[in-house]
Amino acid sequence: MDYKSSLIQDGNPMENLEKQLICPICLELFTKPVVILPCQHNLCRKCANDIFQAANPYWTNRGGSMSMSGGRFRCPSCRHEVIMDRHGVYGLQRNLLVENIIDIYKQECSSRPLKKGSHPMCKEHEDEKINIYCLTCEVPTCSMCKVFGAHKSCEVAPLQDVFQGQKTELSNCISMLVAGNDRVQTIITQLEDSCRVTKENSHQVKEALSQKFDVLYAILDEKKSELLQQITREQEEKLSFIEVLIQQYQEQLDKSTKLVETAIQSLDEPGGATFLLSAKQLIKSIVEASKGCQLGKIEQGFENMDYFTVDLDHVADTLRAIDFGTDEAEEEVIEEEDQDEEESTERKEEEGKKPIFLHSFIHLLFHSTT
């Protein structure tokens, strides 16, 4: 506690010193013994015990059997959590420096005369000090007001008695409020822990779900590549067959074209003997060429590739029906699909009406492509 700097800042060192020696619980000068908390704030041991008992109602105090476990409470000045051992507040260290300062302060105050105006004066009777408390009106007043003034018919009590009573009541209220704040802080800590655990659990299930869908994507990509390869192989076989036919027909066309050119040249031959020497063989070749070779042909619909169509409507419906569920529910769906394969049409309609889970969808996907 930095008393020196605080005293320098104030023009009245004694008044400022008194502020530094006020207990934050009872709002009075520290009552010995004074204990110092781990956060370096001070409390009357009695006040510290009051808030400790309020925060730990099941802890046995020193008057009964000693508890084998400690407790905790929060400093009323800084809210730092103070963890106690089985001795409770009696295990806290006394602040002898503060106790000595209190003794010196009390000696100094007793040796100094009371300043004028330091005690509140009555507004109605300016020379009278306020020294009694009107219980009826619930206001402090002076003796003259009771005898001659507005409070002569009211019930009054000594000011010090009411002062001590309300001080005690306020201290109790502070203790209850501090204990209530400790309970609220505990609830906040629990809620913050719940928030953290909820985030961690959400992250875990998101990761697990993403991994399952990644497996599903891989299966779909693999099946897609397999089916595309089948189409490509069929395409290559058909194109190869057609290209062979084109080559055969092209050769036949080239041969026929040459034969036509030869025949035309023969027609231009002026000599009959020369013409007749080659005409007979030429006519025979043209007749044979006209008949043509029996080359291969493609059947009608040879170009059609519609038989590679895959019906994925029920797979799309199954995808849309994917939902969260237990492993037992997934196993039941797979077993039902195995038992009812012969009634596939009816089963597809039924599955479209209820949730399908990720494992069962993979099972259905394999069945639909086999």
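Glu99 counts as buried, at 5% relative accessibility. Its salt-bridge partner is Arg94, and the closest N and O atoms of the two are 2.7 Å apart. Arg94 is partly exposed, with a relative accessible area of 39%. The model is predicted. The protein chain has 370 residues, of which 25% count as buried, and it holds 11 helices and eight strands.

**The chain as a whole**

- The accessible surface of the protein chain comes to about 26200 Å². Carbon and sulfur atoms account for 54% of that surface.
- Among contacts between residues at least 6 apart in sequence, 54% join residues at least 24 apart.

**Salt bridges**

- The structure holds eight salt bridges. One of them is the Arg94 and Glu99 pair.
- Lys46 forms a salt bridge with Asp50, and here the closest N and O atoms are 3.3 Å apart. The two residues are four apart in helix α3, so about one helical turn separates them.
- Lys46 counts as exposed because its relative accessibility is 61%, and the cut-off for exposed is over 50%. Asp50 is partly exposed, with a relative accessible area of 28%.
- The side chains of Arg196 and Glu200 also meet in a salt bridge, at 3.3 Å from N to O. Both residues lie in helix α6, four residues apart, which is about one turn of the helix.
- Arg196 counts as partly exposed at 42% relative accessibility. Glu200 is partly exposed as well, with a relative accessible area of 38%.

**The largest nonpolar core**

- The largest nonpolar core has 29 residues. Leu21, Cys23, Phe30, Leu37 and Leu43 are the members that touch the most other members.

- Three strands form an open sheet in the order β2-β1-β5, and the pairing is antiparallel. The edge strands are β2 and β5 (93–94), and each pairs on one side only.
- Strands of a sheet pair through backbone hydrogen bonds, either parallel or antiparallel.
- Strands β1 and β5 run antiparallel and are joined by two bridges. Val35 has Arg94 in β5 as its bridge partner. Arg94 is also the residue in the salt bridge with Glu99.
- Helix α3 lies across β1, β2 and β5, running at about 90° to β2.
- Phe52 is placed in helix α3. Phe52 counts as buried because its relative accessibility is 0%, and buried means under 20%.
- Phe52 and Val82 are 30 residues apart in sequence. In space, their C-alpha atoms are 9.5 Å apart.

**The sheet β7-β6-β8**

- Another open sheet of three strands has the order β7-β6-β8, with antiparallel pairing. Strands β7 (139–141) and β8 stand at the edges with a single partner strand each, so one side of each is left without a neighbour in the sheet.
- From one strand to the next, the twist averages 35°.
- Strand β6 (residues 132–134) and β8 run antiparallel and are joined by three bridges. Ile132 stands opposite Pro158 in β8.
- Helix α6 packs on this sheet and touches β6, β7 and β8. The direction of α6 makes about 80° with that of β8.

**His151 and its contacts**

- His151 sits in the loop between α5 (143–147) and β8 (156–158). With a relative accessibility of 12%, His151 counts as buried.
- Leaving aside its neighbours within four places in sequence, His151 is in contact with Cys134, Cys137, Val139, Thr141, Cys145 and Lys146.

Technical notes
Residues numbered from 1 in each chain as written. Predicted model: local features only at pLDDT ≥ 70, side-chain atom pairs only at ≥ 80, totals over all residues. Heavy atoms only, no water. Core = buried A, V, L, I, M, F, W, Y, C linked by side-chain atoms within 4.5 Å. Buried < 20%, exposed > 50% of the residue type's maximum accessible area, 1.4 Å probe, protein only. Salt bridge = Lys/Arg side-chain N within 4 Å of Asp/Glu carboxyl O. Contact = heavy atoms within 4.5 Å. Areas by Shrake-Rupley, 256 points an atom, 1.4 Å probe, with all protein chains shown as cover. Pairing = 2+ DSSP bridges. Axes fitted to C-alpha atoms, helices over the stretch in contact; angles between N-to-C directions.
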